[in-house]
Amino acid sequence: MSDDHVYMSLAEGHDDGDARWAFGTGFEDPLHGISTAVPDAVDRGELAATCLELADDALVTAQRLAEWTTRAPELEEEVALANIGLDFLGQARLLYARCGQVDGSQRGEDAYAYFRDADDFRSVRLAELPNGDFAFSMARLLVFAAWRLAHFEQLATHADPVLAAIAAKGVKEMTYHRQYAAEWVVRLGDGTDKSHRRMQAGLDQVTAHLGELFAAHDARTAVLAVLRQVTEAAGLTLPDVPPTPVGHGREGDHTAHLAPLLAELQSVARAHPEATW
Amino acid sequence: MTAQQADSSAAHDAPPALQEHFEATIARDQRIEPRDWMPEGYRKTLIRQVAQHAHSEIIGMQPEGEWITRAPSLRRKAILFAKVQDEAGHGLYLYSAAETLGADRADLTERLIEGRQKYSSIFNYPTLSFADVGVIGWFVDGAAICNQVPLCRSSYGPYARAMVRICKEESFHQRQGYELLMTMMRGTDAQREMVQDAVNRWWWPSLMMFGPPDDASPNSRQSMAWKIKRHSNDELRQRFVDMTVPQAEKLGVTLPDPDLTWNEERGHHDFGTPDWDELMRVIKGDGPCNSQRIQRRRTAHEEGAWVREAAVAHAAKQAARAEKGTAA
Amino acid sequence: MTPDTHGWPLYEVFVRGKRGLNHVHVGSLHAADDTMALTHARDLYTRRNEGVSIWVVRSEHIAASTRDEKDPFFAPSADKVYRHPTFYDIPDDVPHI
């Protein structure tokens, strides 16, 4: 390209490569070398449904995390929240792609993300709730990551090699997200009076949704163990889990918050349905 | 008298030997490092320049950041999300460099949100369509590269090192922006119109990114003598135009300047004069989005205060508990 | 001291990019405590690449030597990484960009 002279000067005097900058380079394709053929023993309908549910959860979560951009409480948290959002977005893309291979539609990731309505989304209600304050967002991330981690740990041995590989990658990511959120829940719970109050309120709101999560995937033991440990360290009170779910996002039964979230997410794509991006 | 005052008044009476040593280091093209003696003017100029640069990265997250939630494909969403994240990272590298000069980030942030320190005028223009994301990558990151590549050889070590890292990432951003535009130009008529419209809106503000013309840029000469800056505003602007014209041809868009022609004699493109009055208005706070940009940053900072305070309070409690544990 | 005007303390970050290399100073960041500093360092300076090793240390805990205590070309304020470890008064000025 004609701007090569600019890039040449960029390379000048830095021929010791990237090593001196210590930047990560180990980002590999998690599906490298894995066959996309669906094993005979796997029920395609069930596999597609699982991929879709997990993908919708991830996409909606990524969208909420993206909303924090330029609004985080400190610049370092901008970077952290974006990392987490990008992990969820990456999971959504892999899972939608797998869904399209398995459900017979051969749809691409964007068909699922941009051209389905709220009723067709299978994400849990907890994911679509507005961000609230940083305490609520951290409480939600903690619960969501702990729950999803438990699910991924199980799926890492799934008979479908693609889903198993996506889950294995997700286990590493969710472990980090859970850690990040847990640290913040402890800091806010054990911080000032104000942060303690807000953290308790955030936790109360989030735990009200645990019933829905456990109905979708029963990781009650793992999630409650994490919550007990974190709330104890944070000096917070873990509320009782309501016996019945507040709703069933998995059945397309959403709060009023999902439709506007999707309207924004899909606005440009739907305004130009013939376009390529 | 505070330590800082003592230090800076000492600097005024610095022995000539220190000044000579500093100038000899610059003349040999060696780097000045944080603990070296340096003239106060050098330090102040650098803090101002690095802080403005850091502020620009952080405010620069906003115009594109508004499109992350609306990006029309998941691939573009991921690219844009990562790019805006990189800008936060760049801001942090630069604040880090400013802090080696004795500046305090919390103080610099206060100055930004009180409007006492500036950031690049380009980020005071609105992003009206998704094509703006591509054009910002192409023009604004392209202009930033022209500006910043020479800064990798800036005389101040921490600044130069931060710039190397930043330039590597900016070059990705520019290519991503251009690639988005190429894809859009191969798409529908509406997409091609969006691209041309964005080019029309961003071209002149991008030329203004290099600052006023050399004869109206009083600070530049000293900065160049100190090798904080390595090329004049007009040189860099010319380089950007020469670099961009063939890219525009290849893309199939028209740059909105009737005076833009190749000058065989000079071996450069001639081009029209940006509206310098507009630049001064935008710098002085009267651009289309100045107040909105600062307000967003202020709100994030103020609404985040309770979180930052809680973290400090928790750290103090932890430290006290650890001490108690050791004592017992 | 109000925490907010002073913000979180400054940490220096050292990263070993891969086995066989030394930890190298890569920059600084702000964090309320060591745990947070490590998390931030991982996010900011390694983009969470697994397998790299990170050290963080409060900037104020680093002692720095001058080559020769009598060498006038180095700052006399001997023991800090930066000559001005705290707030430095910057003039408010109209910029050229």
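1. In chain C, C:V15 stands opposite C:V24 in β2(C). Strand β1 (residues 10-16) of chain C pairs with β2(C) in the antiparallel sense, over six bridges. Two strands count as paired if DSSP finds at least two bridges between them. Strands (E, at least two residues) and helices (H or I, at least four) are DSSP runs, numbered from the N terminus.

2. The model is predicted: local features need pLDDT of at least 70, side-chain atom pairs count only at pLDDT 80 or more, and totals for chains, interfaces and linings use all residues. Residues are numbered from 1 along each chain as its sequence is written, chains are lettered from A and ligands numbered from 1 in the order in which they are written, and side-chain values use heavy atoms, with hydrogens and water left out.

3. The strands of chain C form an open sheet of three in the order β2-β1-β3, with antiparallel pairing. Its edge strands are β2 (24-30) and β3 (53-58), each of which pairs on one side only. Neighbouring strands are turned by 30° against each other on average, direction ignored.

4. In chain A, helix α7 (residues 161-189) packs against helix α10 (residues 220-234) at an angle of about 35°, with the axes 8 Å apart. Axes are lines fitted to C-alpha atoms, for helices over the stretch in contact, and angles run from 0 to 180 degrees between N-to-C directions. The crossing of α7(A) past α10(A) is right-handed, meaning that the near helix is turned clockwise from the far one by less than a right angle. Residues of α7(A) that meet α10(A) include A:R178, A:A182 and A:V185; among their counterparts in α10(A) are A:V226 and A:V230. Contact means heavy atoms within 4.5 Å.

5. Chain B has 14 helices and two strands. The C-alpha trace spans about 75 × 50 × 35 Å along its principal axes.

6. B:V253 lies in the loop between α11 (233-251) and β1 (261-263) of chain B. B:V253 is buried, at 8% relative accessible area, where buried means under 20%, exposed over 50% and partly exposed in between (1.4 Å probe, protein chains only). Beyond residues up to four places away in sequence, B:V253 touches B:W138, B:M185, B:V195, B:Q196, B:V199 and B:A248.
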